[in-house]
Amino acid sequence: FFAWLFVGAMAPGSTGRAADSVSDGGDFTSQWVIEQAQARAAMPFAPPELPSDSPLRSLDYDDYRRIFFAGGKAIWEQTGGSFRLQLFHPGFIYNQPVNLHLVDSGKVSSLPFSTGYFDYHPDLDDLAESLSGNLSSTSGGAAQLGYAGFRVHHPINNQSVYDEFLVFLGASYFRAVGQNQFYGLSARGLGVNTVGPGDEEFPRFSDFWIERPERDAEAIVIHGLLDSESITGAFRFHVTPGAPTIIDVDATLFPRVDLPRVGIAPLTSMFLFDATNRDAFDDYRNAVHDSDGLQVKLGNGETLWRPLANPANVQISAFQAPGPEGFGLLQRHQNFVYFNDDEARYDKRTSLWIEPLEDWGNGHIELLEIPTGVETSDNIVAYWQPAEGLAAGEAHRFRYRMHWGIESPASAETGRVVNTAAGLENGREQLFVIDYSGGEHIADSQSDSGGVLVHATTSAGVITGTSSTLVEATGDYRVYVKLDPAGAELAELHVTLEVDGRRWGETWLYRWTP
């Protein structure tokens, strides 16, 4: 929860007007949101802010957690249907109001702030009374508060229970889960200048229009208006909960200025340790991470697997991927014993795969890994960056499908890298142990016998040996790679397998640092 709150604090801030909107009872269309984003791009960025003297700004973490959404007050709960909405209270670090609107049969109705949606701890009675008083005053000040965000409930796991499966909260962050999963990594609407000179910019969703689904609908449609100093955008999310939960995203972006560095479909996650860096942490658990690897499927059909790292220094990796078939941050380990954490249940954290629904052109996947010593800080970011950036004065459309589930649709049953471990051998050489699924389908052969060939290269140092074998206990195929760094401070390793003259399995990539 703390990590989720933290990301919202990074949104940019300044005073300004609230968003324009279709008046209550007016007609709503997706095209209207696009036109609104385009019109706003010609204006200076001016996000609304809570007044500097608002008591909501003085709420601390504990106070904010003592404001609960009231039972029985969920949107559409009383009228029935397969989806319900709950709202997040403004305040604490959420000081830029988000305007929420409902769309029913193509007609819009606003959802102004009301204390009636919330239960306040007795210690916060004064705050509740103050907000209620402002709501009833002629100034209408509290009515302009808006909300911090919202979450969506659906009987995703059990037909008689409405479980939360999707939440929008903080800047342009949102996250979802598939059936029987826990929240883990997050997505964002857009990344701006995540890597490079100058400060990173965090666009925010200023407005949402949420379409009321039909009573027995299996999907819900949400529209969002994105805004920041450098860009605006209109987003349409078509959300189908299930195993996996599928979100089809249609985004039209309007840069205010030329943007050379922009991240499309950015993902944010946490990686603390696993079998590659376990000795750096004094912890009873075997591993701690929301995601354990970046998967990329290139246009030529090759699939890359890059295990994540918690490096000593910030590191950036780029993977050339013109017209990618997809990419994602995955949590491949779904076994409780692997983590041994009965509270966080990292074995139930979701994976997220991004599937472009059209040719995105030239660009690359960028991976940012930031050092961290705690599991409450997200330290992994991945996104696709167009080679030419985004030019001002033009509309840029990106459509993609998000798969929130256990594994990506790009993963085959055999040849998946299911585990990577590392350690010293002979006090000098670095040994890497790579396990691939479906080992029983290939020969139990050493690399020099002709059945299975291990091709291993390094950008620095020397590969001193490779070998491979079938692990009978698991059915996985295990590859051993030895590296003599020869004093190098960094080595990029590349391993592929060849079976009967053909490439087999995923391409394993790894960045080694001392």
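Biologist: What makes Glu200 and Arg188 a salt bridge?

Modeller: The closest N and O atoms of Glu200 and Arg188 are 3.1 Å apart. A salt bridge needs a side-chain nitrogen of Lys or Arg within 4 Å of a carboxyl oxygen of Asp or Glu. The pair therefore counts as one. Glu200 lies in the loop between strand E10 (191-192) and E11, and Arg188 lies in strand E9 (residues 186-188), so the pair ties together parts 12 residues apart in sequence. Strands (E, at least two residues) and helices (H or I, at least four) are DSSP runs, numbered from the N terminus.

Biologist: What are these values based on?

Modeller: This is a predicted model, where local features need pLDDT of at least 70 and side-chain atom pairs count only at pLDDT 80 or more, while totals for chains, interfaces and linings use all residues. Residues are numbered from 1 along each chain as its sequence is written, and side-chain values use heavy atoms, leaving out hydrogens and water.

Biologist: Why is Arg188 called buried, and Glu200 partly exposed?

Modeller: Buried means under 20% relative accessible area, exposed means over 50%, and partly exposed is in between (1.4 Å probe, protein chains only). Arg188 is at 2%, so it is buried. Glu200 is at 29%, so it is partly exposed.

Biologist: How do you know that Arg399 and Glu358 form a salt bridge?

Modeller: Their N to O distance is 3.4 Å. That is within the cut-off, so the label holds. Arg399 is in strand E25 (residues 396-405) and Glu358 in the loop between strand E22 (351-356) and strand E23 (363-369), so parts 41 residues apart in sequence are tied together. Arg399 has a relative accessible area of 26%, which makes it partly exposed. Glu358 is partly exposed too, with 28%.

Biologist: What makes Ala243 exposed?

Modeller: Ala243 has 60% relative accessibility, so it counts as exposed. Ala243 sits in the loop between E13 and E14. From Ala243 to Gly405 is 6.2 Å, C-alpha to C-alpha, although 162 residues separate them in sequence.

Biologist: Why is Thr268 called buried?

Modeller: Thr268 has a relative accessible area of 5%, so it is buried. Thr268 belongs to strand E15 (residues 262-269). Beyond four places in sequence, its contacts (heavy atoms within 4.5 Å) include Tyr173, Leu185 and Asp378.

Biologist: How do you know that the buried residues of H2 are on the same side?

Modeller: The buried residues of H2 are Val33, Gln36, Ala37, Arg40 and Ala41. They cover an arc of only 135° around the axis, so they lie on the same side of H2. The arc is that of the directions from the helix axis to the C-beta atoms. Among the elements covering them are strand E11 (204-211) and strand E12 (220-227).

Biologist: What makes a set of residues a nonpolar core?

Modeller: Its members are buried Ala, Val, Leu, Ile, Met, Phe, Trp, Tyr and Cys residues, joined through side-chain atoms within 4.5 Å. The largest such core has 89 residues, and Phe150, Leu166, Phe237, Ile247 and Met402 touch the most other members. Strand E7 (residues 161-169) gives the largest share, five residues.

Biologist: How do you know how far to trust the coordinates?

Modeller: Look at pLDDT, the predictor's confidence in each residue, from 0 to 100. The chain's mean pLDDT is 91, and 92% of its residues reach 70 or more. Over residues 138-143, pLDDT is below 50. Where pLDDT is low, the predicted coordinates should not be read in detail.
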